[in-house]
Amino acid sequence: MSSSRNAANQPFRLSRRAFLALSAARASGIAAAGAMPLRAGTTRAAQQSAKRGGTFHTTISGGSEPQTLNPTLASAPNSNYLMFEPLIRYKLVDQATSTYQAQPALAESWQWAPDNLSITFQLRSGVTFHDGSAWNADAAKWNFDLMMTNPKSFAKSFVTGIDHVEVVDPMQIRIVLSAPNAALLANISDASARVYFISPTQYQTLGEEAFGEQPSGTGPMQFDSWVKGSMITGRRFGGYWDKGVDGQPLPYVDASEYRLIPQTATAQAELRAGNLDFLPGLDPQDVAGIKANSDLTFVSPPATGGFSVCLGLNQQQGAFGQNPKLRQAALTAFNRDAILKTFGFGLGTVAPHPYWTEGVIGYDASLPTYNYNEDAAKQLMSDAGLADGVDVTLTVIQRPLEQQQAEVIKQMWDTVGIRTTIEVLERTAWIDKLTSGGSFDAAFWRGIFPADPDQLSQFLSTDGVSNWSSYSDPQVDQLMIQARSVLDVGQRAALYGQVQQLVYQDACLATAYYAPDMSAARSWLQGLDSDVNTLWTTGVWLDK
Amino acid sequence: MGNYIARRLMQLVPVVFILTVIAFGVTMLLPGDPALAILGVQGAGDQEAYQALRNELGLNRPLPLQYLTWLGNVVTGDFGESAFNHQPVLDALGQRLPVTLELGLLSMALSIVISVPLGMLAAVRANSLTDLMVSIVSFAGLAMPSFWLAILAIYLFTDRLGWLPASGYVPFTQDPVANLQHILLPVVILGAEATAGLVRQVRAAMLEVLGQDYVRTGRAKGLHEVRVIGEHAFRNALIPVVTLIGLRVARLLGGTVVIENVFALPGIGRLAVDSIFNRDFPVLQAIVLMMAVAVLLFNLLVDLLYGILDPRVRYT
């Protein structure tokens, strides 16, 4: 088990002590950065007295109901409800150097082939699904096939580079790639929040639709009930493989309750009243109130999600299409600092390089960017032959944050002669407009925190599924593919540096700031851990 | 009477037919479709997934054909299944209806129980201090939007006092006490607006009746004031009040949408909102149709009540 091309691809098996030391180092790092540390590193002593029992009350993230409980076919990411698990967990070790590490979950260890075209996973033994069937190589392969071939699979984009999956022996699978893929581990880990494993037996017995109503996985909670419009509940799975500090099987809690509360004000009242233990997805304006409340803890580890609002200028048609000077003017009139100051509530970080923020491989603060300068923007307008101004529309989704930011940008643009009309559309209407080739000049959408920059292909490649503003640069397409096939982190960073240079020159995209993922917990909630893009709640317990 | 009801019901048939066209057409006018809504911002660019979903949902068939298939099924009582989560539509409605019925009926009852005596009191003591107080309170109730009132109530009773939960629903059959705890705040808030409106209307109706000749006659022949008001005036004042209560039902249905969202109640109003955002056409069409039919039937019920209240009304 040794192959050291880069940190992200290092196979390893951490001892518990090494893991705790690592977590402690990380936790103190977070504390220094001003956010609240998770208790992973600090509660070793406390964890030895972890209390058992009780129900873990939280909400369904985003406040909208999933269409199915099958994690492969559910449109919302992170639909695992403690019922499903990934092959591996993915952790950010050092944000400053963009160092990541994969850790075992349903796989115990893994090894790349010398040609980097395949990787072999040793699966964890002694794991059973909630329906009693065994977790083994056949089950793993079956899951990968479902993710790759089901037309409705939302995991598809994370397993695209996989040619096929082989069963090597009952507890070993080999993933064969069509080309070397540096993003593979990040993609099939919990960082993608999509690649979770379900019981083939239950699926085949019940069929696709019924499985979505009564799923079976390997997680610490087994499905109990789904009251539509109200809640999803789980009860303790007695046969769970991982153990707590007391040597008994996890989980510590007896049950879980994921409630559906559409209004954030209502959900926060329930948290303050103690009816919820954990509330994901806070708005930045509510954080000060959470921090001021001694019964509550603010939870915001780095790289656990979050988003940036991305401004895209239509490169193909409309006022900005075929007019690079006007696009440069628009981006020069775009005042990132003012937007961060207005909407960040002291919590975001300024993001001058679209989609790349600190911690993402290839992030380089010294790369060129458009800095706000009203006079320069006006100059660019006359260079573009538009000294008299131009009319554009900005098409945004009907959400308070997007609408308010649109107002601010309109003001910035109006000042330099880009007379802006804001068009507000409800989400599906917005999607309909932008996908049906409707004419628009500029639009907003939310970018992700990529566990691996290869995941940004969906936004930057000509045929990317989230390339809303029809951005197209053949060189970028080329470089994104190249950077995927190189496994050396240094080389990849250089290639992604080139991508950012090109994105800068094309002047079609801009982000103002990156907003971290923000949650709130009752102080009695212990044992929360964080991975990239996801919070790990398997070991939570209630200290009350 | 039986003939009258039968005739009125027959008249509803063409109305309901037109309603099916509207229910179907209006949902189809929404931009986008269920497949786009399911794929969302992260996945709608995936043409393969989009087309697979459209085919599965039968959206690639011509619109008139979709309508006729739907109508044919609806006539036989088959509303199909949700485009979003494949739950049979009737199951979805059956699961949500008790919540909305409980919420709606209790808040209607609450508002009648409070507003009728208060409105009468205000009318009998017109222009007194009591009248003024009732007027101030009812105007305040009318002026406050229900979602704001709801948030205030949650702040007070959940956040500060910790007496009542702010969200969720427990069926009465499962735990009557928990059921009432969960439904109390929503009922009071939803009832508040209706109460405030009804008080004004009861007062106005009563005032008008009190100015009638037969009230003066009653008093002149020495009837006790209780009989004058309770027997002669009240019964006549009820006719416009019953009409107004009937009209309130439609507004109450609208009010449940807001209240169910604030209090996270899994009722029809929430389902309607979710179905609109999810472009869940089959569910949305069934809800629109059901709500419209409910309003029609309630109007019929009001017409029948007239006869009981006022013997002069004859159904022929």
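Two strands count as paired here if DSSP finds at least two bridges between them, and the helices (H or I, at least four residues) and strands (E, at least two) are themselves DSSP runs, numbered from the N terminus. The model is a predicted one, so local features need pLDDT of at least 70 and side-chain atom pairs count only at pLDDT 80 or more, while totals for chains, interfaces and linings use all residues. Residues are numbered from 1 along each chain as its sequence is written, chains are lettered from A and ligands numbered from 1 in the order in which they are written, and side-chain values use heavy atoms, with hydrogens and water left out.

Chain A comes with 16 helices and 23 strands. Its radius of gyration, taken over C-alpha atoms, is 24 Å, close to the 24 Å that the globule rule (2.2 Å times the number of residues to the power 0.38) gives for 544 residues, so chain A is as compact as a globular protein of that length. Along the principal axes, the C-alpha atoms fill a box of roughly 75 × 55 × 45 Å. Buried residues (under 20% relative accessible area; exposed is over 50% and partly exposed in between, with a 1.4 Å probe and protein chains only) make up 60% of the 544 residues in chain A. Of the contacts (heavy atoms within 4.5 Å) with a separation of 6 or more in chain A, 70% are between residues 24 or more positions apart.

One open sheet of chain A has six strands in the order β14-β18-β13-β17-β15-β16, with mixed pairing. At its edges are β14 (349-350) and β16 (418-425), each pairing on one side only. β14(A) runs antiparallel to β18 (residues 509-515), with two bridges between them, and A:V350 has A:Y513 of β18(A) as its bridge partner. Helix α13 (residues 427-435) of chain A has A:T428, A:A429, A:W430, A:I431 and A:L434 buried. The cover over these residues of α13(A) includes β15 (390-397), β16 and β17 (442-447) of chain A, along with α2 (34-43) and α11 (268-278) of chain B.

Another open sheet, this one with three strands, has the order β11-β19-β12 in chain A and antiparallel pairing. β11 (278-279) and β12 (296-299) of chain A each have a single partner strand, so one side of each is left without a neighbour in the sheet. Two bridges link β11(A) to β19 (residues 519-522), with A:L279 opposite A:A520. β12(A) is joined to β19(A) by four bridges, and A:T297 stands opposite A:A521. In a regular strand, side chains alternate between the two faces of the sheet. Both faces of β12(A) are covered, with A:L296 and A:F298 buried on one side and A:T297 and A:V299 buried on the other.

A few backbone details deserve a mention. Most residues other than glycine have a negative phi, and most peptide bonds are trans. A:L250 and A:P251, however, are joined by a cis peptide bond, with omega about 0°; A:P251 sits in the loop between β9 (231-236) and β10 (255-259) of chain A. A:A193 has a positive phi of about 60° and lies in the loop between α4 (184-188) and α5 (200-206) of chain A, buried at a relative accessible area of 7%. A:S470 also has a positive phi, near 55°, but is partly exposed at 30% relative accessible area; its loop runs between α14 (457-460) and α15 (474-485) of chain A.
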